[in-house]
Amino acid sequence: MRFPPIHHQVVSGFALVLGLSCSLEAQADLESFAGRYQTKTSNCRLIPTTGQKSSCRLIQIDGRSPTIISIRFFGAGDQPGASQRITFVVSELSTSPVLNCSHSNCQLKSASWQGKINSVSEANYDAYGLAKGLPKAWTVSQGNCSVRAGRILCRAVLADGGQVSVEAQL
C-alpha cells in the first residue's frame with residue numbers, strides 16, 4: 001500500500017493554524033486580566049509616609065497577572081501645581097478578580113473585593129511634572145486594600161514601622 005507524499009505546504013499550513021489558535025487562546029487569557037481601569041475620584045484622602053494628609057483626584061488599577069494588580073493614586077503635592085503618586089502592589093485574595101479586561105480596557109468586575117499589599121511606593125513631582133528626587137519604595141509587614149460599597153481603602157504598615165493609607169470614592 002502506497003500513501004501519497006505529504007506536501008510541505010500542508011504541514012506548514014497545519015502548524016500555522018495550530019500556532020495561531022494557541023496564540024489567540026493565550027491572548028484571550030492575557031486580556032482577561034491585563035490592562036488598566038482608570039477613574040476620577042471624589043472624596044479622596046491620602047496619607048503618605050510623611051503623615052501630611054492631602055487629596056487625590058485619580059485612581060488607576062492595572063492588571064499585571066491573574067493574581068497581581070497595582071493600584072495607583074494621584075494626588076496634590078506639597079506646593080501649588082506639584083503632585084504625588086502612591087502605588088500599592090497587591091495580591092488578590094478574593095476568588096473573584098477585581099478587573100474584567102478586554103483589549104487592555106478594564107472595568108471593575110467586583111463590587112466587593114480584598115487583596116494583600118506586597119509593597120508601596122511614593123513619587124513626587126514639581127509643577128512642571130519633573131520628578132522631585134528618586135521614587136521611594138518599601139516592603140510591607142502588613143496591609144490590605146479592599147473595595148466595598150463604591151469605596152476603595154488601602155492601608156499598609158511598612159517594614160520600618162511607617163504607615164501609608166488611602167481612602168477614596170470610586
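Is Asp 78 buried or exposed? At 58% relative accessibility, Asp 78 is exposed, where exposed means over 50% relative accessible area, buried under 20% and partly exposed in between (1.4 Å probe, protein chains only).

A note before the views: this is a predicted model, in which local features need pLDDT of at least 70 and side-chain atom pairs count only at pLDDT 80 or more, while totals for chains, interfaces and linings use all residues. Residues are numbered from 1 along each chain as its sequence is written, and side-chain values use heavy atoms, with hydrogens and water left out.

**View A. Lys 132 and Asp 78 form a salt bridge.** Here a salt bridge is a side-chain nitrogen of Lys or Arg within 4 Å of a carboxyl oxygen of Asp or Glu; the closest N and O atoms of this pair are 3.0 Å apart. Lys 132 is partly exposed, at 34%.

**View B. Glu 167 pairs with Arg 45 in a salt bridge, 3.2 Å from N to O.** Glu 167 sits in strand β11 (residues 163-169) and Arg 45 in strand β2 (residues 42-47), so the pair ties together parts 122 residues apart in sequence. Strands are DSSP runs (E, at least two residues), numbered from the N terminus. Both partners are partly exposed: Glu 167 at 23% and Arg 45 at 36%.

**View C. Asp 62 meets Arg 72 in a salt bridge, with the closest N and O atoms 3.0 Å apart.** Asp 62 belongs to strand β3 (residues 54-63) and Arg 72 to strand β4 (residues 68-76), ten residues apart. Asp 62 is buried, at 4% relative accessible area, and Arg 72 is buried at 11%.

Methods
Helix = DSSP H or I, 4+ residues; strand = E, 2+ residues; numbered from the N terminus.
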